[in-house]
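This briefing goes through a structure by topic.

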Amino acid sequence: MDNCPLAVALGSNRPTRFGAPRNTLMAVRPLLERCFATWSGQELRCSWSLLHYTAPVGGPPDQPHYCNAVMLVKGIKAQPNEAHALELLDALQSLEHDFGRDRCAEQRWGPRPLDLDLLFWGEFRLEHPRLVLPHPRMHLRRFVLEPLLEAMHGTHPPCW
């Protein structure tokens, strides 16, 4: 169902066991693709943006710049629904945790080793205490929109 693409924003501005944020995003990329294949039970087509370095938005003013990217996933056969979306959210947050993120201890919009945000899943709308789709601030974030357009157009093969 290519008319129901799903997008995920990636960000990092703290080192992990893989090194600098750039290295973290490089390390998570194959794991994220595997996570989606496991979640969907099928082979999917993924397109990626380039890596972008951006100033933080909100949070403490002295935090380091972020390394950001967007992954666009096509070919998901499952119909978008709350249960599938929350199952995917759990898988993404588990991956964040594996990279050292502790959501309970972090400051809102503060530095983090890995941030994985579901941006949208086709035209699906969800307002759940744990997840809002489409992402409510996506349209306000240049660090999301520019990489999203790259991933959608597929004009820039990632050379990370």
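Leu 72 counts as buried because its relative accessibility is 3%, where buried means under 20% relative accessible area, exposed over 50% and partly exposed in between (1.4 Å probe, protein chains only). The model is predicted: local features need pLDDT of at least 70 and side-chain atom pairs count only at pLDDT 80 or more, while totals for chains, interfaces and linings use all residues. Residues are numbered from 1 along each chain as its sequence is written, and side-chain values use heavy atoms, with hydrogens and water left out.

- Leu 72 is in strand β4; helices (H or I, at least four residues) and strands (E, at least two) are DSSP runs, numbered from the N terminus.
- Not counting residues up to four places away in sequence, Leu 72 touches Pro 5, Leu 6, Ala 7, Arg 45, Cys 46, Ser 47, Phe 120, Ala 151 and Met 152, contact being heavy atoms within 4.5 Å.
- Arg 45 counts as partly exposed because its relative accessibility is 46%.
- Between the C-alpha atoms of Arg 45 and Lys 74 the separation is 5.2 Å, although the two are 29 residues apart along the chain.

**Helix α1 and what follows**

- Helix α1 has 20 residues (21-40) and at 1.5 Å a residue should span 28 Å, which agrees with the 28 Å between its end C-alpha atoms; the expected span is 1.5 Å times one less than the number of residues.
- At Arg 29, shortly before the proline Pro 30, α1 has a kink of about 35 degrees, the bend being the angle between axes fitted to the seven residues ending there and the seven starting there.
- The buried residues of α1 are Pro 21, Thr 24, Leu 25, Ala 27, Val 28, Leu 32, Cys 35, Phe 36 and Trp 39.
- These buried residues pack against β1 (6-12), β2 (45-48), β4 (66-74), α2 (82-98) and β5 (115-121).
- Gln 42 sits in the loop between α1 and β2 and is buried, with a relative accessible area of 14%.
- Leaving aside neighbours within four places in sequence, the contacts of Gln 42 are Ala 37, Gly 75, Ile 76, Lys 77 and Ala 78.

**Salt bridges**

- The whole structure contains 9 salt bridges, each a side-chain nitrogen of Lys or Arg within 4 Å of a carboxyl oxygen of Asp or Glu.
- Arg 101 pairs with Glu 96 at 3.0 Å, N to O, and both residues are buried.
- Arg 101 also forms a salt bridge with Glu 106, with the closest N and O atoms 2.4 Å apart.
- Relative accessibility is 6% for Arg 101, whereas Glu 106 is partly exposed at 23%.
- A network of salt bridges links Glu 96, Arg 101, Arg 103, Glu 106, Arg 112 and Asp 115.
- In helix α3 (residues 142-153), Arg 142 and Glu 146 are 4 residues apart, about one turn of the helix, and their side chains meet in a salt bridge of 2.4 Å, N to O.
- Arg 142 is exposed at 62% relative accessibility; Glu 146 is partly exposed, with a relative accessible area of 33%.

**Backbone geometry in loops**

- The peptide bond between Leu 133 and Pro 134 is cis, with omega about -5 degrees.
- Pro 134 lies in the loop between β7 (131-133) and α3.
- Trp 109 has a positive phi near 60 degrees, in a residue other than glycine.
- Trp 109 is placed in the loop between α2 and β5 and is partly exposed at 32% relative accessibility.

**Largest pocket**

- The largest pocket holds about 800 Å³ of space. On a 1 Å grid over the protein atoms alone, a pocket is an open set of points where a 1.4 Å probe fits, with protein on both sides within 12 Å along at least five of seven lines.
- Its lining consists of 37 residues, with Asp 115, Asp 117, His 135, Arg 137 and Arg 141 nearest the centre; lining residues have an atom within 4 Å of a point.
- At least two lining residues come from each of β1, β4, α2, β5, β7 and α3, and β5 gives the largest share, 5 residues.

Note on methods. Points joined across faces, edges and corners; volume = space filled by probe spheres on them.
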